[in-house]
Amino acid sequence: LSLSLSLSLSLSLSLSLSLGLGLSQAMEAIIGPPPPPDDNLYLALGGEDAVLSEAQQREALVQVLEGLGTREKVLLVPPDFTRYHSRTGPLTAACYEHYGAGGVADVLPALGTHAPMTEAEYARMFPGVPWDKMRVHDWRNDVETIAHVPAEMVKKASDGQLDEPFPVQLNRLVWEGGHDLVISLGQVVPHEVMGMANYNKNMFVGVGGAAAIHLSHHIGAVYGMERMMGIAWNPLRAILEEASKQTTRLPLLYVLTVVGRDDASGDLVTRGLFVGDGYTAFAKAADLSLKVNFSLLEEAMDKVVVYLDPEKFRSTWLGNKAIYRTRMAIADGGELIILAPGVHRFGEDDEIDALIREFGYRTTPETMENLKQSYNLRQNLSAAAHLIHGSSEGRFKITYCPGGLTQDEVEGVGYVYGDVAEMSATYDPAALAEGWNDVGGERVYYISNPAIGLWAHRARFEARDG
């Protein structure tokens, strides 16, 4: 892979935009239109201002499950604890209650590269679902390569710059488990790698293998996250859609939530619930998510403070959502301060942690050069992608304030170090309101959970979308 992929796609998009097309239309000019709505949409509940109670969601989901008839061996694939706010925990419990201990054979959290859930996290997220049903996804070893998306498709999706097949990989339990229903649950929200999270990403990345995870992340990185985020139909999604065609024998059901913040209370609420067996449910959820999770600002942020909940963010691998989701809103020369009391390591995986420490969050050209020189980095392309994603490219300052990393460690990977106690005293999360604040005469934008949204300055966003 090379930077020519990013540059070539940029030229193609620029040409399309110059002809008056929006970004989504420019995408279609490269990869074709999204799939037609010929799949099954079982439920589309909610709206931009809706507040769906847990009881409403459970009742609606159970009605769908009842309509599907009896199932004897069900696999549940929910997110892990880092996605606790997705509101899919109670829905996972509802599925278990509906089918019972005899019907639900396995619960396989979609870890991707994340560390396994603890028993306490599992019990909190999936109340009433027995711990002995839980299976751990081993992304490096316990996977099956089922097929490959043809190189021609990858070449087309990458505008001719990448000519190799994409491996279609799944956890062996998913592919060989003999389940008569596989329920994938998750939240649709803007995402730095996939444009919009969830749907078949939950399968081919969440319970996929190393080769697919590495390649998908790296395609997204060299393509450019600022052109990807918030776009449901994009080159990488097109590849995963083609991968789905190779796994049609799986009896898949997607349960997708859209979660936003209530302006009056500040609490997270469920705005939408969508259930189906294909792209249509995802597309509808993505449309709602853009209305709920996207904040378009008239003023660029000169200083933004992001708080990372210590229960959910324990590594920069996870915590760097603070960078991904705000970068389009930060002014040139601005500063991002990340209050990260629970962060005590860089990678979720020991091997990736070591690579982050070795190479750091440098500019894209520097990381691409390191990629040429390092065999280990080439064998872990998702790490290279993460390093690109986590760089400001020198455009703004990133001050990281971790609870469990030293100043030398933080500065060693290219960030500015901040003492979390001192910074939290100046920018007190308990005192700050979501959005704009005045802190001692300083105008500061505060975000308490970067995982639930995407922020952009209107001028930068309109320059992107044409």
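These legends walk through a few close-up views of a predicted model.

**About the model.** Residues are counted from 1 along each chain as its sequence is written. Local features here need pLDDT of at least 70 and side-chain atom pairs count only at pLDDT 80 or more, while totals for chains, interfaces and linings use all residues, and side-chain values use heavy atoms, with hydrogens and water left out.

View 1. The average pLDDT (the predictor's confidence in each residue, from 0 to 100) is 91 for the chain, and 92% of the residues score at least 70. Residues 1-21 are another story: pLDDT stays under 50 there, and the model has 42 contacts (heavy atoms within 4.5 Å) beyond four places in sequence for this stretch.

**View 2. Helices H16 and H18 side by side.** Helices are DSSP runs of H or I with at least four residues, strands are E runs of at least two, and both are numbered from the N terminus. H16 covers residues 364-373 and H18 covers 381-389; they pack at an angle of about 160°, with axes 9 Å apart. Axes are lines fitted to C-alpha atoms, for helices over the stretch in contact, and angles run from 0 to 180 degrees between N-to-C directions. The two helices are therefore roughly antiparallel (angles under 35 degrees count as roughly parallel, over 145 as roughly antiparallel, 65 to 115 as roughly perpendicular, the rest as oblique). From H16, Thr364, Thr367, Met368 and Leu371 make the contact, and from H18 it's Leu381, Ala384, Leu387 and Ile388. Sort those residues and you get six nonpolar, two polar and no charged (Ala, Val, Leu, Ile, Met, Phe, Trp, Tyr, Cys and Pro count as nonpolar, Asp, Glu, Lys and Arg as charged, and the others, Gly among them, as polar).

**View 3. H15 meets H18.** H15 (residues 350-359) and H18 have axes that come within 10 Å and cross at roughly 45°. That makes H15 oblique to H18. Look for Ile352, Leu355, Ile356 and Phe359 in H15, which meet Ser382, Ala383, His386 and Leu387 in H18. This contact divides into six nonpolar, two polar and no charged residues.

**View 4. An open sheet of six strands.** The strands line up as S15-S14-S13-S12-S17-S16, with mixed pairing (two strands pair if DSSP finds at least two bridges between them). At the edges sit S15 (416-417) and S16 (435-439), each pairing on one side only.

**View 5. S13 alongside S14.** S13 (residues 330-340) and S14 (residues 397-402) run parallel, joined by six bridges. Glutamate 335 stands opposite lysine 397 in S14.
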